[in-house]
Amino acid sequence: MDTFDFTSAPVLVSAFTIGYLILLFPVASAIPIPSLLNRSKKKRERAEWVDSEVAMIHSIASIVLSAYVLLTVGLKYGQVTPFPVLVVVYHSFGYTLADTIYGFITGIITKSYIIHHLGGLMSLGVPLFSPYGGLECIGALFWGEMTNPCNLARTMLKAIEMHHTKAFSILSYVFV
């Protein structure tokens, strides 16, 4: 299975969505969170912290996977999407679905959150229904995720009231 295959989409997207839902709910909820958030015991803050932890995992995985695909397959415009590219795209599509479900269930969803996820689902959805566009999608995914760990780390530092630190300032410059 070297190229595009419509039949793999539902299976892989479902597997990645379920995998990320498992990370978001039982696993990430068991990970210790900073004591500052434990003391506050605000459900929204805890849910946002867990969401940031899992988003960090997704972001780093997406950078590594898309870099690997770009190095091994290359970026060839207008080509039929190879299967390894589909796996990376389905991985991010599944994460985005799981994160959207998590946002609705925990109540952390906002208008910008919805717009961000809809944009991601629409762009990642192209290779779900077309044999073309996967390589271009991987290129965009790689560059789009490149600074996301810095942004997520900033968000997490802000949540634990460390937004006046040197680390926060450095992460702000790197993110921009």
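**Close-up 1. Helix α4 passes helix α6 in a left-handed crossing.** A crossing is called left-handed if the near helix is turned anticlockwise from the far one by less than a right angle, and right-handed if clockwise. This is a predicted model, in which local features need pLDDT of at least 70 and side-chain atom pairs count only at pLDDT 80 or more, while totals for chains, interfaces and linings use all residues. Residues are numbered from 1 along each chain as its sequence is written, and side-chain values use heavy atoms, with hydrogens and water left out. Helices are DSSP runs (H or I, at least four residues), numbered from the N terminus. The axes of α4 (residues 83-106) and α6 (residues 134-145) come within 9 Å and cross at roughly 55 degrees. Axes here are lines fitted to C-alpha atoms, for helices over the stretch in contact, and angles run from 0 to 180 degrees between N-to-C directions. The two helices are therefore oblique to each other; angles under 35 degrees count as roughly parallel, over 145 as roughly antiparallel, 65 to 115 as roughly perpendicular and the rest as oblique. On the α4 side you will find V85, V88, V89 and S92, which meet G134, L135, C137, I138 and L141 of α6. This contact (heavy atoms within 4.5 Å) has seven nonpolar, two polar and no charged residues. In this scheme Ala, Val, Leu, Ile, Met, Phe, Trp, Tyr, Cys and Pro are nonpolar, Asp, Glu, Lys and Arg are charged, and the others, Gly among them, are polar.

**Close-up 2. Helices α1 and α4 meet in a right-handed crossing.** The axes of α1 (residues 8-30) and α4 come within 7 Å and cross at roughly 45 degrees. That angle makes α1 oblique to α4. Their contact holds 18 nonpolar residues, five polar ones and one charged residue.

**Close-up 3. The axes of α3 and α4 cross at roughly 170 degrees and come within 10 Å.** The pair is therefore roughly antiparallel. From α3, the contact includes A47, V50, D51, V54 and H58, and from α4 it includes P84, H91, Y95, D99 and Y102. Twelve nonpolar, six polar and two charged residues make up the contact of α3 with α4.

**Close-up 4. The largest pocket has a volume of about 1000 Å³.** On a 1 Å grid over the protein atoms alone, a pocket is an open set of points where a 1.4 Å probe fits, with protein on both sides within 12 Å along at least five of seven lines; lining residues have an atom within 4 Å of a point. Grid points are joined across faces, edges and corners, and the volume is the space filled by probe spheres set on the points. Of the 37 lining residues, D99, H116, H117, N148 and L152 lie nearest the centre of the largest pocket. Helices α3 (43-72), α4, α5 (111-129), α6 and α7 (148-159) each supply at least two residues of this lining. By class, the lining has 14 nonpolar, 16 polar and seven charged residues.

Close-up 5. Helix α3 gives the largest share of the lining, five residues. Three lining residues are nonpolar, two are polar and three are charged.
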